[in-house]
Amino acid sequence: MLPKENRLRKSAEFTSVFRGGKSSGNYLLTMHVIPVAEDTKADLPKVGFVVGKRVGNSVVRHQVIRKLRHIMREYLPIIKAQALVVRARPAAATADYQQLQVAIEKELRKLSLIPVAGKAAEKC
């Protein structure tokens, strides 16, 4: 579970990220982000998840959300953004944990939200 202060919960927060941010995606997910300005010192970003009915039934959607939440919790300390929304695509229903993790890391790098070395540099 993500800490309460790091969750997007209100519809207006999601709308502001969708309208005011950058986006990037692949066949498993799409990320919408409001990057942090270079000159500001930001706290950990707020993260939200969107998993629609096209992904699957309630059980499948919640499995996907749990996987995404767990993956994002690992990246939370190194993400350079104010707010981030991860939208799952239907293919995410059949993806395993590793596939989702690779897709998320790829999109975070593409949006320049994490260092090029990723989590490997963080562990060293």
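The structure holds zero aromatic pairs, a pair being rings of Phe, Tyr or Trp (its six-membered ring) with centres within 6.5 Å. The charged end of Arg-87 does sit over the ring of Phe-18, 4.6 Å from its centre. That call needs NZ of Lys or CZ of Arg within 6 Å of the ring centre and within 35 degrees of the ring normal. This is a predicted model: local features need pLDDT of at least 70, side-chain atom pairs count only at pLDDT 80 or more, and totals for chains, interfaces and linings use all residues. Residues are numbered from 1 along each chain as its sequence is written, and side-chain values use heavy atoms, without hydrogens and water.

**Met-72**
- Met-72 belongs to helix α2, residues 58–75 (a DSSP run of H or I, at least four residues; strands are E, at least two).
- Met-72 counts as buried because its relative accessibility is 0% (buried is under 20%, exposed over 50%, with a 1.4 Å probe and protein chains only).
- Beyond four places in sequence, Met-72 touches residues including Met-31, Phe-49 and Ile-104 (contact means heavy atoms within 4.5 Å).

**His-32**
- Strand β2, residues 29–35, contains His-32.
- His-32 is buried, at 11% relative accessible area.
- Leaving aside neighbours within four places, the contacts of His-32 include Phe-18 and Arg-87.

**Ser-112**
- Ser-112 sits in the loop between α3 (97–110) and α4 (119–123).
- With a relative accessible area of 56%, Ser-112 is exposed.
- Ser-112 is not a glycine, yet has a positive phi of about 60°.
- Most residues other than glycine have a negative phi.

Terms used. Rings of Phe, Tyr and Trp (its six-membered ring) pair if their centres lie within 6.5 Å; planes under 30 degrees apart count as stacked, over 60 as edge-to-face and the rest as tilted.
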